[in-house]
Amino acid sequence: MLSMEFYNPVRIVSGRGALRNFEDIGRFGKRCLIVTGKSSAKVSGALSDAEALFAKAGIEYEIFDAIEPNPLLSTVHTGGKVAREFGADFLLGIGGGSPLDAAKAVGIFAANPDMEPEDIFTAPRKDALPLLAVPTTAGTGSEVTPYSILTVPSIENKKSVAGDDLFPKVAFLDPDYTKSMPVSVTFSTAVDALSHAVEGFFMKKASLVSDALTRQAIPLLAQGLRQAAKAKSASDITCETREKLLYGSALAGMVISRTGTGFVHSTGYMLTYYHDVPHGHANAYFLADFVAFMEQAVPERAKEIYALCGVADADGLYKLISSCEAMPLDLRLPAERLSYYAERTIGAKNVVNAVSVISKEELLAVLQRRLGEKA
Ligand code: NAP
Ligand code: FE
């Protein structure tokens, strides 16, 4: 008997001019806090489109542009206060996964004035402020997920908050906003999206719908990765490819919105936290070994992933992911560090929610293979 649930209540508006020409903005309120990073909103062109839209609709806005990559819990706590003081009715997040995730958490703190920063992970709460999301990278799929991933120095790691109130109300997918991404960011964020589509396929919560989304997403992402790998500069990546990557990453985001991610993500967080490796770049070290590990338990599904990526096996997948000069996989770490990272990540829920659960020794072997000083 088929038993399944799939819920992803995000209104997606896509195509060139999707934000600029949106006619329904008035329903979200009269005052908006724009949450973004240092420059992505400006260089992508999304900020000026938002400003024109708000001017036309008579919406007052303020800009909070303090979001750093891998947003800190303290930054989003401050953002909550800014949103409250401004009296924001809703939020507009513009940027990569960092500003979009940050905007979700800003929305929580704005709606829950007495919440202490660390309570965001555990305390019952009032629903976050409504969020409209404008991705400027094609990677995290945060515009269609109910997750906000925050960096928490007190635990020396990232931690996620989830909740149906964190699904953006609208996601605006305009590939023009991703054109300004340098090749390295294009490639690493595309690897992140590929990780989502692939990891979700091997999680216990995978369903007929998430599988269908994975099958649709991977060929778009694999084609995009191949073209981005060859690009010398951002302008070598065509609009058509930018479009494929953006849609592929949104589809992959819908996958993880229901399935969650696997050990690729939890292990990657160590490289990001301790070595400042960008998120997708960190995933790249582990994705092929993840599929090779799952292949032992569910060989047909692993073979399907290889075929969707257009490669023969795990080695072919690693080759595809490591093929971009702008994103070399050359980090090498001492054995004690690798043991520490295996120890730190083995109990993560990402690890245990997979159809086959990797042991600490097996995870350490993966870390040694890809990051060991003799690798
Ligand atoms: P990001 O951290 O948002 O951005 C990386 C860099 O790229 C930043 O310097 C950013 O500039 C710049 N950038 C973004 N868009 C640009 C554009 N169009 N042109 C030029 N530069 C641009 O990168 P990301 O990989 O998209 O997001 C990573 C975060 O998302 C991590 O914290 C990760 O844990 C999280 N994540 C969330 C989910 C989820 O489901 N919510 C899933 C996977 C990952 P600015 O500094 O100006 O912003
Ligand atoms: Fe990710």
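User: Which strands does helix α3 lie across?
Analyst: Helix α3 (residues 73–86) lies across β2, β3 and β4, and runs at about 170° to β3. Axes are lines fitted to C-alpha atoms, for helices over the stretch in contact, with angles from 0 to 180 degrees between N-to-C directions. Contact means heavy atoms within 4.5 Å. Helices (H or I, at least four residues) and strands (E, at least two) are DSSP runs, numbered from the N terminus.

User: What should I know about the model itself?
Analyst: This is a predicted model, where local features need pLDDT of at least 70 and side-chain atom pairs count only at pLDDT 80 or more, while totals for chains, interfaces and linings use all residues. Residues are numbered from 1 along each chain as its sequence is written, chains are lettered from A and ligands numbered from 1 in the order in which they are written, and side-chain values use heavy atoms, leaving out hydrogens and water.

User: And what does α2 lie across?
Analyst: Helix α2 (residues 46–57) lies across β2 (31–37), β3, β4 (90–95) and β5 (131–135), at about 155° to β4.

User: What's the strand order in the open sheet?
Analyst: The 6 strands go β1-β8-β5-β4-β2-β3, with parallel pairing; two strands pair if DSSP finds at least two bridges between them.

User: Which strands stand at the edges?
Analyst: β1 (11–14) and β3 (60–67), and each has a single partner strand, so one side of each lacks a neighbour in the sheet. On average, neighbouring strands here are turned by 20° against each other, direction ignored.

User: How many bridges join β1 and β8?
Analyst: They pair in the parallel sense over 4 bridges, with β8 covering residues 170–173. Ser14, for one, has Leu173 in β8 as its bridge partner.

User: What is Ala162 in contact with?
Analyst: Arg125, Pro146 and Tyr147, leaving aside neighbours within four places in sequence.

User: Last one: which residues of α10 are buried?
Analyst: In helix α10 (residues 287–297), Leu287, Ala288, Asp289, Phe290, Val291, Phe293 and Met294 are buried. Those residues pack against several helices, including α5 (183–201), α8 (263–275) and α15 (360–371).

Notes:
Buried means under 20% relative accessible area, exposed over 50%, partly exposed in between (1.4 Å probe, protein chains only).
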